[in-house]
Amino acid sequence: MSTINSTYRIDNTEYGIKSDGSDSTATTNGLQNALNYASSAGCRDVYLDAGTYAIDCTNQIQVYNGTTYCGIRIPSGIHLHLDPNTVLKAQANGLTDYAMICFCDATDAGLYGGKLYGDRDSHDFSASGTHEACHVIAIRISSYITVKN
């Protein structure tokens, strides 16, 4: 793990991250661990290489008013830069409320580039409810958040 001037490039192999669209659980956990490491190491700009990354949105996390489901939580101070050929794709699920990427209680954070896809075409709508609270990106109780390109 190397940091250079507050910049960090995620090493997929080191974190068990699959860039071929497989193993959403390992990929999501690996990405979260890499982001958490970068945050604790004082990095600001984090880079993810090109590839297709399946994101498991069924992780339950603590937020300001209880719990919510979220794939990847961007920590405060982290600016995640996706290669133009990076695809983050939500793994199909049946939840009625989730976010693939969330900024929860975050300050000065961002997401740049890449392509983001939800699971609308493969979502399991059999659970009761409207499923209207399923999001690719959610920003909750946060400030100075940037989402570009």
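**Chat about the model**

Modeller: Let's start with S24: not counting residues up to four places away in sequence, S24 touches A54, I55, D56 and Q91. Contact here means heavy atoms within 4.5 Å.

Biologist: Before we go on, what kind of model is this?

Modeller: A predicted one, where local features need pLDDT of at least 70 and side-chain atom pairs count only at pLDDT 80 or more, while totals for chains, interfaces and linings use all residues. Residues are numbered from 1 along each chain as its sequence is written, and side-chain values use heavy atoms, with hydrogens and water left out.

Biologist: OK, back to S24. Which element is S24 found in?

Modeller: S24 is in helix α2. Helices (H or I, at least four residues) and strands (E, at least two) are DSSP runs, numbered from the N terminus.

Biologist: And is S24 buried or exposed?

Modeller: Buried, because its relative accessible area is 11%. The cut-offs are under 20% for buried and over 50% for exposed, with partly exposed in between (1.4 Å probe, protein chains only).

Biologist: Which other residues of α2 are buried?

Modeller: Besides S24, the buried ones are T27, T28, G30, L31, Q32, A34, L35 and A38.

Biologist: What span should α2 have, going by its residues?

Modeller: Its 17 residues should span 24 Å at 1.5 Å a residue, and the end C-alpha atoms are 24 Å apart, which agrees. The expected span is 1.5 Å times one less than the number of residues.

Biologist: What follows α2?

Modeller: G42 does, with a positive phi near 85°.

Biologist: Let's go to the loop ahead of that helix. Where is S22 found?

Modeller: S22 is in the loop between α1 (12-15) and α2. With 29% relative accessibility, S22 counts as partly exposed. Leaving out residues up to four places away in sequence, S22 touches T27 and A54.

Biologist: Which side chain has a polar contact with that of S22?

Modeller: D20, at 2.5 Å. A polar contact is a pair of N or O atoms within 3.5 Å; within protein, one must be able to donate a hydrogen and the other to accept it, and residues adjacent in sequence count only if both atoms are side-chain atoms.

Biologist: How about I17, buried or exposed?

Modeller: I17 is buried, at 6% relative accessible area, and is also in the loop between α1 and α2. Setting aside residues up to four places away in sequence, I17 touches I10, N12, T27, G30, L31 and Y53.

Biologist: New topic: how many aromatic pairs does the structure hold?

Modeller: It holds 1. Y8 and Y37 form that pair, tilted, at 5.3 Å centre to centre and 55° between the planes. Rings of Phe, Tyr and Trp (its six-membered ring) pair if their centres lie within 6.5 Å; planes under 30 degrees apart count as stacked, over 60 as edge-to-face and the rest as tilted.

Biologist: Which parts of the chain does the pair link?

Modeller: Distant ones: Y8 is in strand β1 (residues 7-9) and Y37 in helix α2 (residues 24-40), 29 residues apart. Y8 counts as buried at 1% relative accessibility, whereas Y37 counts as partly exposed at 23%.

Biologist: What percentage of the residues count as buried?

Modeller: 42% of the 149 residues. Among contacts with a separation of 6 or more, 79% come from residues 24 or more positions apart.
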